[in-house]
Amino acid sequence: MDDYSNNKDRKGMKGLSFFFLEKGAGLIDGRQIGEFLGAKLNPTDGFEDDICIYVKCQPPENFPEYSYINIVDGVGLIPWIKSHPQIGVIVTSITAKKYLSEILNKSDVKFIPEHHCNYERFKRSKKEINTVGVIGNQKGFDYDIQETSKQFREIGFEFKYCGNYKNRFDVINFYQTIDIQINWRPHVTGAHAKLHNPLKLANAASFGIPTVSYTEENYVEEFGGYFVEAEEIDEIFLRTKMLQDFPLIYETYSDLLLKKSEEYHIENVANLYRGLTEV
């Protein structure tokens with residue numbers, strides 16, 4: 001558990017209970033934020049009068065009165081939400097808020113972003129720009145990893161791929177070893193794309209690390225002007241090389257990203273959850 005819990009007595013406010021699975025979004029939007037807030041985590045009793053938040057999982061049919069489902073990227077939960085219009089809905093991207101507000105005909109969908117990994121506000125300390133990285137499920141990077149590594153070596157970069165992280169410290173350790181992040185997933189379309197969020201950008205941004213990426217709709221919506229856009233796979237390599245060749249451009253992005261990332265710091269995200277308790 002991180003030493004960031006806030007267990008202050010907040011008179012006149014309801015308590016918070018988080019329900020989640022111990023993996024993926026459940027760890028970020030359930031355990032991590034819940035621990036930071038000093039909330040109840042997967043309680044089995046004493047939560048009936050709380051604000052109950054079900055993270056990427058289906059609530060029970062008799063869910064408490066003040067309940068929300070944080071859908072994250074759980075497309076399969078949409079039919080259940082449609083059949084339970086009384087449930088509150090939380091989304092982790094602006095594109096998801098627009099999409100679900102329309103298809104659910106709800107005007108009160110709550111946008112609460114996922115917090116980035118860098119609670120401590122560590123910064124990149126390297127002077128050289130020579131290491132490129134990808135983090136996440138390999139299926140989420142729509143280009144051969146070996147070929148990616150080969151092409152980066154040919155233009156003078158070391159390439160790192162991380163897919164075996166288990167906690168936020170593993171993620172922090174990865175970002176502390178790279179200078180530029182790349183992302184390429186044009187294969188994600190439809191509802192999945194609408195529900196995606198820019199956490200990868202926020203994570204890298206919190207260290208002052210620029211990202212070169214395909215123009216995902218959610219990236220453009222929340223980070224337009226804060227990442228280097230690539231419409232074709234060849235541009236991933238060209239734009240990355242540009243950041244190396246022109247360090248002033250790199251530093252300009254880095255400074256902007258450090259400021260932008262504050263919107264996704266856990267302290268600010270936690271305040272949005274606290275706002276739910278004021279009922």
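This report walks through the strands, helices and confidence of the model shown above.

## Model and confidence

The structure is a predicted model, in which local features need pLDDT of at least 70 and side-chain atom pairs count only at pLDDT 80 or more, while totals for chains, interfaces and linings use all residues. Residues are numbered from 1 along each chain as its sequence is written, and side-chain values use heavy atoms, with hydrogens and water left out.

The mean pLDDT (the predictor's confidence in each residue, from 0 to 100) is 94 for the protein, and 95% of its residues reach 70 or more. Please treat residues 1-11 separately: pLDDT stays under 50 there, and the model has 17 contacts for them beyond four places in sequence. Contact means heavy atoms within 4.5 Å.

## Around strand β5

Let us begin with β5, residues 88-91. Strands (E, at least two residues) and helices (H or I, at least four) are DSSP runs, numbered from the N terminus. Gly 88 and Ile 90 point one way from β5, Val 89 and Val 91 point the other way, and all are buried, that is, under 20% relative accessible area with a 1.4 Å probe and protein chains only; exposed is over 50%, and partly exposed lies in between.

Strand β4 (residues 67-70) runs parallel to β5 and is joined to it by 3 bridges; two strands pair if DSSP finds at least two bridges between them. Tyr 68 has Gly 88 of β5 as its bridge partner. From β4 the chain passes through helix α2 (residues 78-83) to β5, in a right-handed β-α-β crossover. Right-handed means that, with the strands pointing away from the viewer, the path from the first strand over the helix to the second runs clockwise.

β5 also pairs in the parallel sense with β6 (residues 110-111), over 2 bridges, and Val 91 stands opposite Phe 111 in β6. Here the chain crosses through helix α3 (residues 94-104), and this β-α-β crossover is right-handed.

## The five-stranded sheet

Elsewhere, an open sheet of 5 strands with parallel pairing has the order β8-β7-β9-β10-β11. β8 (158-162) and β11 (228-230) are at the edges with a single partner strand each, so one side of each has no neighbour in the sheet. Neighbouring strands are turned by 25 degrees against each other on average, direction ignored; axes are lines fitted to C-alpha atoms, for helices over the stretch in contact, and angles run from 0 to 180 degrees between N-to-C directions.

Within this sheet, β9 (residues 180-183) and β10 (residues 211-214) run parallel, joined by 3 bridges. Asn 183 has Ser 213 in β10 as its bridge partner.

## Helices on the sheet

Helix α4 (residues 145-154) lies across β7 (131-135), β8 and β9, running at about 155 degrees to β8. Helix α5 (residues 168-175) packs on the sheet and touches β7, β8 and β9, its direction making about 155 degrees with that of β7.
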